[in-house]
Amino acid sequence: MNRKLERKLIIIGSAWQMLSGLLTMFIYGSYIKSQSNGIQETQFAQMKAVESLFGSLYSFAVTFGLFFVALGLLNLYLARNFKDDKVEVKLSFWFILLGVASYFFMDFLSTVLFLSGGILALAKNKTISKLHSQIEQTN
């Protein structure tokens, strides 16, 4: 039994994660950086505090985006190694866990894609294991 549909869903989800991470790093990070340049405070201490705050926000945005890019690359690798006619329990649960985590990050597209891929993979695992047991019984 092939896993073409699960692979496609996971590859699309991985591409979306990488795109989302790159947009977060470059677009949102640049926006935060430009907002810090527009601050005109009268006192030097206040200006330094605001610059420090925006610098921290910029670092967080870039780190968050890099995390998404790394997750996307990892999932792309895992999707390529999804084997046909083999029970893949750990990968299925990984994709379901990733879908639930995406829900908490408010990334609903990734939630739908990864949960669908993981649940389909679990359903096919059951069918694959039944097919293997039937083949073993006939031999």
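Modeller: Start with H1 and H4, whose crossing is left-handed. A crossing has that hand if the near helix is turned anticlockwise from the far one by less than a right angle, and is right-handed if clockwise. Helices are DSSP runs of H or I with at least four residues, strands are runs of E with at least two, and both are numbered from the N terminus.

Colleague: At what angle do H1 and H4 cross?

Modeller: Two packed helices are described by the angle between their axes and the distance between the axes. Axes are lines fitted to C-alpha atoms, for helices over the stretch in contact, and angles run from 0 to 180 degrees between N-to-C directions. Helix H1 (residues 4–37) crosses H4 at roughly 155°, and their axes come within 9 Å. H1 is therefore roughly antiparallel to H4. Angles over 145 degrees count as roughly antiparallel, under 35 as roughly parallel, 65 to 115 as roughly perpendicular and the rest as oblique.

Colleague: Which residues make the contact between H1 and H4?

Modeller: Contact means heavy atoms within 4.5 Å. On H1 the residues include Leu5, Glu6, Leu9 and Trp16, and on H4 they include Leu109, Phe114 and Lys124. The contact divides into ten nonpolar, six polar and two charged residues. Here Ala, Val, Leu, Ile, Met, Phe, Trp, Tyr, Cys and Pro count as nonpolar, Asp, Glu, Lys and Arg as charged, and the others, Gly among them, as polar.

Colleague: How far apart are the axes of H3 and H4?

Modeller: The axes of H3 and helix H4 (residues 108–138) are 7 Å apart, at an angle of about 155°. H3 and H4 are therefore roughly antiparallel to each other, and their crossing is left-handed. Phe93 and Tyr103 are among the H3 residues in this contact, and Phe108 and Asn125 among those of H4. The contact has 13 nonpolar, seven polar and no charged residues.

Colleague: What about H2 and H3?

Modeller: Helix H2 (residues 44–80) packs on helix H3 (residues 89–104) at about 150°, with axes 12 Å apart. That makes the two roughly antiparallel. H2 passes H3 in a left-handed crossing. Leu71, Leu74, Asn75 and Leu78 of H2 meet Leu91, Trp94, Phe95 and Leu98 of H3; seven of these residues are nonpolar, one is polar and none is charged.

Colleague: How confident is the prediction?

Modeller: This is a predicted model, in which local features need pLDDT of at least 70, side-chain atom pairs count only at pLDDT 80 or more, and totals for chains, interfaces and linings use all residues. Residues are numbered from 1 along each chain as its sequence is written, and side-chain values use heavy atoms, leaving out hydrogens and water. pLDDT is the predictor's confidence in each residue, from 0 to 100. The protein chain averages 90, and 98% of the residues score at least 70.
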